[in-house]
Structure formats: C-alpha cells, structure tokens
Amino acid sequence: MKSNKLTIAGKEYNSRLMVGTGKYATNELMVEALEASGAEIITVAVRRVDLTQMGKGCMLDYIDPKKYTLLPNTAACYTAEEAIRTCRLAREAGLSDLVKLEVLGDEKTLFPDNEELLKAAKILIAEGFTVLPYCSDDVILCKKLEDLGCAAVMPLGAPIGSGLGIRNPYNIKLIMEAVSVPVIVDAGVGTASDATLAMELGCDGILMNTAIAGAKDPVAMARAMKLGVEAGRLAHEAGRIPRKLYATASSPLTDLIGS
C-alpha cells in the first residue's frame, strides 16, 4: 500500500524503521541486525568513524550502499560550527547530502541545544543539505525547523540510550498537528512496544540504535522492532475503537444481521 511508504524529500521507503550502526560487538553482528530490521535508512556517526580507512575494513565497508541509504549524523557535536563541519566532511567523503543533524547541549542529558540546532540547520539547508534534525519534543521548535526547510523533524521520545520509551506522547501528537513534514521519533526506545506506540500515535517513522545493539540478542530484537513498527502503523491506519469508561457488549442482542 502506498500509504505504508515513508516519503522523505521526495524519496519513498518501504520501511518506517531507521537504525544506527554503533555499539555492536562486531561488524558482522551489525550486518545481521540491519538485515533483520528491514530498515532502508542507516545512520552513521561521522565523528566516530575513521573515513580515511574506507575500503580497508572500515565499519562503512560492511554496509552495502546499493541496499541502504546512508544517513550521516553529527553525534558528539556541541556547537553549530562542529556540526556544520562534520556534515561537510561527510559530503566530501561521498557519504550523503542527507544528514541527521545533532547539536547537543550537555554531556549528561544529551539533550539538544535548540539555538545552535537552528543556526546549523539554516546554514546547512542553504548549502544544499537535506536536513533531518534531532530535537526536543517542542512544538514551536519543530515548526521553526520546518519553516527553515528541514525535510523532517526528529523529536526525542526520551533521552538518548535511556530505553524509557515515549515519555510525552501528547507533545508528539501536538507536533504532528503543527507540521506537515514527516515526524520521526528519535531516541529513548527500549523495546518493540515503544516502537508500536510511536506508530500508533501516527508518527511517520522511528529511529533507534541502543535498543537493538544493546539487547542480549540484537538480531532477534531487530526483527521484533521491525514487526512492532509494522503492527503499530497498521493499527494506526485501521483506526482503533474509542476508549470508554463502561463496557459495551461484544455480542449485542439488537441490530443483528438479518433481524
């Protein structure tokens, strides 16, 4: 179904799940998990990869560019200048013009620095990058990022790597009402039910890394996340019944077919 496709900057993807490449015990395990996830967009932390080793057994050599869309990210950047420089480096290395923009505020919470994020996004968009910004679940901020020309917004569900799941689903719903670009929940997912909830809310996609890579069985968890995303999206499209305080009989005695 066309409605099941995720569209970012005019390109369609069959999977609404995006996954990261960090924290795996081996590159071979990472490859297995990526395949099990069914993801088509794979994010790579540019500052944590030695780009000079590409073609020499670098982690990037294990990712098939014909199978996956690479999404370089600016993890570990704390200023707009650092993030901009990192994106330029990724483009020069031939990775992608599609970037996940992170500008962090502090090392303890890893929450984004909103002012620096807006500054970096404005410059990168002017330079022709397709920007997907990791941001707080702030409706006004997300609207400003859309107005700048970001191709999507990526509000956090919870702090990076926390596994707490979506802490404020009401803010996520408000963001979806406020913007017309895709809303992709990023950070905080712990298990498949968290992914399902994001999809049931109506989010366009979800990005995760630690929840898969840090699981006891990353490959099994990757498959669980794939199924959770698919189930949640299908449930959203199907339309759940309204919540009621009192019971309603499943087999009513009136309005029977043929009565």
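Where does Lys23 lie? Lys23 is placed in the loop between strand S3 (17-20) and helix H1 (27-37). Helices (H or I, at least four residues) and strands (E, at least two) are DSSP runs, numbered from the N terminus. The model is a predicted one, in which local features need pLDDT of at least 70, side-chain atom pairs count only at pLDDT 80 or more, and totals for chains, interfaces and linings use all residues. Residues are numbered from 1 along each chain as its sequence is written, and side-chain values use heavy atoms, with hydrogens and water left out.

Two residues other than glycine show a backbone angle of interest. Most residues other than glycine have a negative phi, and most peptide bonds are trans. The phi of Lys23, however, is positive, near 75°. Lys23 counts as exposed, at 59% relative accessibility. Here buried means under 20% relative accessible area, exposed over 50%, and partly exposed in between (1.4 Å probe, protein chains only). Ala187 also has a positive phi, of about 90°, although it is not a glycine. This residue sits in the loop between strand S9 (184-186) and helix H6 (192-201). Ala187 is buried, with a relative accessible area of 10%.

Strand S3 holds Gly20. Gly20 is buried, at 1% relative accessibility. Its C-alpha is 4.8 Å from that of Thr43, a residue 23 places away in sequence. Contact means heavy atoms within 4.5 Å. Leaving aside neighbours within four places in sequence, Gly20 is in contact with Leu34, Thr43, Met208 and Asn209.

Strand pairing was examined next. Two strands pair if DSSP finds at least two bridges between them. S3 runs parallel to S10, and three bridges join them. Within this pair, Val19 stands opposite Met208 of S10. S9 and S10 also pair in the parallel sense, over three bridges. Here Ile184 has Gly205 of S10 as its bridge partner. In a regular strand the side chains alternate between the two faces of the sheet. Along S10 (residues 205-208), Gly205 and Leu207 point one way, Ile206 and Met208 point the other way, and all are buried.

Strand S5 pairs with S4 in the parallel sense, over five bridges. In this pairing, Val44 has Pro72 of S5 as its bridge partner. S5 is mostly covered, with five of its five residues buried. Thr69, Leu71 and Asn73 point one way from S5, whereas Leu70 and Pro72 point the other way. Thr69 has a relative accessible area of 16% and is buried. Its side chain joins that of Lys11 through a polar contact of 3.3 Å. A polar contact is a pair of N or O atoms within 3.5 Å; within protein, one must be able to donate a hydrogen and the other to accept it, and residues adjacent in sequence count only if both atoms are side-chain atoms. Not counting residues up to four places away in sequence, Thr69 touches Lys11, Tyr13, Glu40, Ile41, Ile42 and Leu98.

The loop between strand S4 (41-45) and strand S5 (69-73) contains Tyr62. Tyr62 is partly exposed, with a relative accessible area of 33%. Tyr62 and Asn27 lie 35 residues apart in sequence but 6.9 Å apart in space, C-alpha to C-alpha. Beyond residues up to four places away in sequence, Tyr62 touches Asn27, Glu28, Met30, Val31 and Gly57.

Strand S6 (residues 98-101) is joined by four bridges to S7 (residues 130-135), and the two run parallel. Val99 has Val131 of S7 as its bridge partner. Leu98 and Lys100 point one way from S6, Val99 and Leu101 the other way, and all are buried.

A nonpolar core is a set of buried Ala, Val, Leu, Ile, Met, Phe, Trp, Tyr and Cys residues joined through side-chain atoms within 4.5 Å. The largest core has 66 residues, of which Leu60, Ile63, Leu101, Ile206, Met208, Ile212 and Met225 touch the most other members. A second, separate core of 13 residues includes Leu6, Met18, Ile41 and Leu98.

One ring contact involves a charge. The charged end of Arg91 sits over the ring of Phe129, 3.8 Å from its centre. This arrangement requires NZ of Lys or CZ of Arg within 6 Å of the ring centre and within 35 degrees of the ring normal.
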